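Look at the model, then read on.

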Amino acid sequence: SHTRFPIGISFPGGSGLVAFAAATGVMPLDMPESVLVRFHGKLQPGVTLRDLVNAIPYVAIQKGLLTVAKKGKKNVFNGRILEIEGLPNLKVEQAFELSDASAERSAAGCTIQLGPEPIIEYLKSNVVLLRWMISQGYQDARTLERRAAAMEKWIANPTLIIPDKNANYSEVIEINLEDIKEPILACPNDPDDVKLLSTVAGTKIDEVFIGSCMTNIGHFRAVAKVLAQQKGPLPTRLWVAPPTKMDAEQLKAEGYFGMFGDASARMEMPGCSLCMGNQARVAPKATVVSTSTRNFPNRLGDGSNVYLSSAELAAVAAITGKLPTPEEYLKFSTSLTEKAADIYKYLNFNEMGSYTDAAAQVKKQNA
């Protein structure tokens, strides 16, 4: 339900509908209306993509298009497609953070207008990954090879779906990045109940969870860098769960698991972990900062109160034992900007020898 591909457009479906689509090659769909969210301006210091995720409902509330109260609930996104423009240079890994969160808006689907360069970069990496998977015995090899070949064909002649200039939208929401000067969090226990950090600063935090499909490998490097600034034990219980095994292996190779160990973080196996709601649990009635997708009542723990934030803000909360002020947050996070190129570097499998060697062998066999 969460992993909504930001390239093109994808719709969630039940297992029966997915099986029908797989068998027939078609899916019956009444095309919904779209809501356009257009970002413009320059991202401000300390503001992350997760803050832009939360800026969407924040601005919608200000415009009277979304309400938090369940009675007489108003939600402009419900059942519609969320189209996002104004961030063409995002890496695809970053774009997932916006598209995955469209599930919390109750949107039927999401698409993000990216430029060709990040998509080509992502697909080149995926071609190698698919052929590496074939070399490791993943099935079905024929299907995986067809996907890799289709990606190579697109890379040779890249064309993108773009909206018509005269396209009509149910609503258009303009968001000026220069108006977002501090982090925005979703408050307990509703992903629509978003507030500025300054309005909830000082709230005591018991536990912190870094993980779920809303994170990527760059977030874990950033968290480790923030944690390294702490001297002594953390005042909170910290959970860390990389989203994939490949992320976990790379983080181990780069020494970041050791840094998490130094902070006494509880390392979970890669995957959903706390976000699933039926695996590990936080303590009853704990107040939590989480990077997960949703904060519905009792999902992370019985009677828990869960704030949803960026990984960077969650790391600062783990250190301080509270939601920091914007000034305290910037004090810890400013150092990340100086090393952003190294910290927010994603797994390009076409640049990793162990993957490219195996992929080249598979391609040679299929030639």
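**Terms and values in a predicted model**

Q: Why is Gly137 called partly exposed?
A: Its relative accessible area is 45%. Buried needs under 20% and exposed needs over 50%. The model is a predicted one.

Q: Where does Gly137 lie, and how far is Gly137 from Val289 in space?
A: Gly137 sits in the loop between α4 and α5 (141-156). Val289 is 39 Å away, C-alpha to C-alpha, and 152 residues apart in sequence.

Q: What makes α10 oblique to α11?
A: Helix α10 (residues 311-320) and helix α11 (residues 326-338) pack at about 125°. Roughly perpendicular ends at 115, and roughly antiparallel starts over 145. The angle falls between these, so α10 is oblique to α11. Their axes are 10 Å apart. The crossing is right-handed.

Q: Which residues make the contact of α10 with α11?
A: α10 supplies Glu312, Leu313, Val316, Ile319 and Thr320. α11 supplies Tyr329, Phe332 and Leu336. They divide into 6 nonpolar, 1 polar and 1 charged.

Q: Which residues touch the most other members of the largest nonpolar core?
A: They are Val37, Phe39, Phe77, Ile84, Ile173, Leu238 and Phe260, in a core of 109 residues. Helix α4 (residues 116-135) gives the most to this core, with 11 residues.

Q: What does Ile84 touch, not counting residues up to four places away in sequence?
A: Ile84 touches Val37, Phe39, Ile56, Leu98, Cys110, Thr111, Ile112 and Gln113.

Definitions and conventions
Residues are numbered from 1 along each chain as its sequence is written. This is a predicted model: local features need pLDDT of at least 70, side-chain atom pairs count only at pLDDT 80 or more; totals for chains, interfaces and linings use all residues. Side-chain values use heavy atoms; hydrogens and water are left out. Axes are lines fitted to C-alpha atoms, for helices over the stretch in contact, and angles run from 0 to 180 degrees between N-to-C directions. Helices (H or I, at least four residues) and strands (E, at least two) are DSSP runs, numbered from the N terminus. Angles under 35 degrees count as roughly parallel, over 145 as roughly antiparallel, 65 to 115 as roughly perpendicular and the rest as oblique. A crossing is left-handed if the near helix is turned anticlockwise from the far one by less than a right angle, and right-handed if clockwise. Contact means heavy atoms within 4.5 Å. Ala, Val, Leu, Ile, Met, Phe, Trp, Tyr, Cys and Pro count as nonpolar, Asp, Glu, Lys and Arg as charged, and the others, Gly among them, as polar. A nonpolar core is a set of buried Ala, Val, Leu, Ile, Met, Phe, Trp, Tyr and Cys residues joined through side-chain atoms within 4.5 Å. Buried means under 20% relative accessible area, exposed over 50%, partly exposed in between (1.4 Å probe, protein chains only).
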